[in-house]
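Here is a short report for a reader new to this structure. Look over the model first, then follow the headings.

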Amino acid sequence: MSLLPQSASTLIIGGGIQGLSLAFNLAEMGQKGIVVLDAGYWQGGASGRNGTLIRAGFASTAWSGLFKLTLDEWQSWSKRLGENVMFTRRGYTVVAEKAATVDMLEQGAKLHARLGIRSQILGKAQTAKLLPALNQQHVLAAQHQPDGGVAPHHAAMKALYQYCHTHGVGIHYRTKVTGIETTNGRAAAVMIGDHRIAAETIVCCAGGHNPEMAGLAGVSLNGHGMKIEAMALEPTRPLIKPAIALIDSLAYFHQTSRGEVVGGTEVPETPHISLRADVPVMADMAKIYLRMFPQLGPVRILRHWGGLIHASKDFAPLLGPHPDLQDLWFSAGWSYGFAGAPAAGKLLAQAIARGQTDARMKPFALDRFETTGPIIEGGIVVA
Ligand SMILES: Cc1cc2nc3c(=O)[nH]c(=O)nc-3n(C[C@H](O)[C@H](O)[C@H](O)COP(=O)(O)OP(=O)(O)OC[C@H]3O[C@@H](n4cnc5c(N)ncnc54)[C@H](O)[C@@H]3O)c2cc1C
């Protein structure tokens, strides 16, 4: 543990992509005294364990508005961070196997047109042309987003880390927050064992551990830590060009430039928050891959792993201040938090540093379940 400071302007708990994106945006706006604390190692959380898919549009206005911004931000990151985050716009295709899903994708495409997100509906023949290796028997239609794509997490995480490091952000891995001190109705400091760091603002970006962070401050946060699993197949010839989501099979993957097919499927399993990768889950995932891409049959599984996300009650992000405790903020509830980090970092930084709450952030307020209600989003691949 490197030497810890006594105070911070914004203290961020969690050095995954959410925490680092927020630190970067705050530093870019000129804030000094930012501190990031992380219990584990760099890329040890979900930010180093995800499928790296970046999608532009969903079915709801709330999600699509946020992710339109995130796509724009992804495109500016390499320049602003001074390092290539390797975002490739190879396209993102959402495949429908059920009639109801086709309807949803069609409605979604109309919404995207209104929001300025490029997306088009492909019929059976057009889908077959774009994805010839896909088992056409199961396909009804698809929604293709030409500006979506992938970015390897190591590139984005390295660029964020380097920028923060060279712009005075104090980043401390292997430094677990064990307490959050509250005074006069506000979050005032964090404890790392006996060491106290006073902070003007505390932001929890602790992934699957966010509810636990709320608990440390004596408040509650809905949702729970949830393990999801992914795998990489050994390199094979180019079969799949865009990133894809098989929404009715709850699967998502892409083929890397090295030829590995990387992604995951949501298969029901007993909830637990260990990072253990389970062989029966791997077998179920492989069955879904084979059903949809029979040509993958002879390709061996190279790696298989688990990662922890925070599933909120409506599976949507929880962004903003906690309603019951002043100066405690969250970037939580992320299932698409790799893709969403550029937008979340920007909007939270604007709200914290300038007091401006952007209209695209408002729907994700923590108290929405008591006010506007849950966000209904049918286009996500989560079980
Ligand atoms: C298998 C898998 C596939 C996925 N695929 C995609 C995808 O294709 N596209 C996409 O957009 N998203 C995907 N996701 C989701 C995405 O990875 C997450 O939403 C995102 O990484 C969340 O970022 P984060 O910074 O909030 O969390 P994390 O990266 O988990 O970071 C949280 C950090 O908080 C730290 N922490 C926890 N407790 C404490 C404490 N007490 N004190 C200090 N630090 C603490 C942890 O050590 C950790 O580093 C996937 C996730 C998984 C697991």
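Which backbone oxygen does the side chain of R55 reach at 3.1 Å? That of G57.

## Ground rules

This is a predicted model, in which local features need pLDDT of at least 70 and side-chain atom pairs count only at pLDDT 80 or more, while totals for chains, interfaces and linings use all residues. Residues are numbered from 1 along each chain as its sequence is written, and side-chain values use heavy atoms, with hydrogens and water left out.

## Two domains

The domain assignment gives domain 1 (1-88 + 149-223 + 313-383) and domain 2 (89-148 + 225-311). Such bounds come from an automatic or database domain assignment. The centres of domain 1 and domain 2, taken over C-alpha atoms, are separated by 26 Å. In contact across the two are 44 residues of domain 1 and 35 residues of domain 2. Contact means heavy atoms within 4.5 Å.

## R55

R55 sits in the loop between β3 (53-54) and α2 (61-81). Helices (H or I, at least four residues) and strands (E, at least two) are DSSP runs, numbered from the N terminus. R55 has a relative accessible area of 2%, so R55 is buried. Buried means under 20% relative accessible area, exposed over 50%, and partly exposed in between (1.4 Å probe, protein chains only).

A polar atom of the R55 side chain lies 2.6 Å from the backbone oxygen of G379. Leaving aside neighbours within four places in sequence, R55 is in contact with residues including F67, Y92, V94 and Y336. R55 and L71 are 16 residues apart in sequence and 7.7 Å apart in space, C-alpha to C-alpha.

## V94

V94 belongs to strand β4 (residues 92-96). V94 is buried because its relative accessible area is 0%. Beyond neighbours within four places in sequence, V94 has contacts that include R55, L105, Q143 and I247.

## D147

D147 is placed in the loop between β6 (141-145) and β7 (149-150). D147 counts as buried because its relative accessibility is 10%. Not counting residues up to four places away in sequence, D147 touches L71, F87, R89 and R118. With R118, the side chain of D147 makes a polar contact of 2.9 Å. A polar contact is a pair of N or O atoms within 3.5 Å; within protein, one must be able to donate a hydrogen and the other to accept it, and residues adjacent in sequence count only if both atoms are side-chain atoms.

## The cavity

A search of the whole structure finds one cavity of 30 Å³ or more. On a 1 Å grid over the protein atoms alone, a cavity is a set of points where a 1.4 Å probe fits but cannot get out, and a pocket is an open set with protein on both sides within 12 Å along at least five of seven lines; lining residues have an atom within 4 Å of a point. The largest cavity holds about 40 Å³ of space. Its lining includes R55, G57, L105, Q143 and G379. Helix α3 (residues 99-115) supplies the largest share, three residues.

## The second largest pocket

This pocket has a volume of about 620 Å³. It is lined by 22 residues, and the closest to its centre are T52, P152, H154, T256 and E260. β16 gives the most to the lining, with three residues. Domain 1 and domain 2 both give residues to the lining, so the second largest pocket lies between them.

Conventions
Grid points are joined across faces, edges and corners, and a volume is the space filled by probe spheres set on the points.
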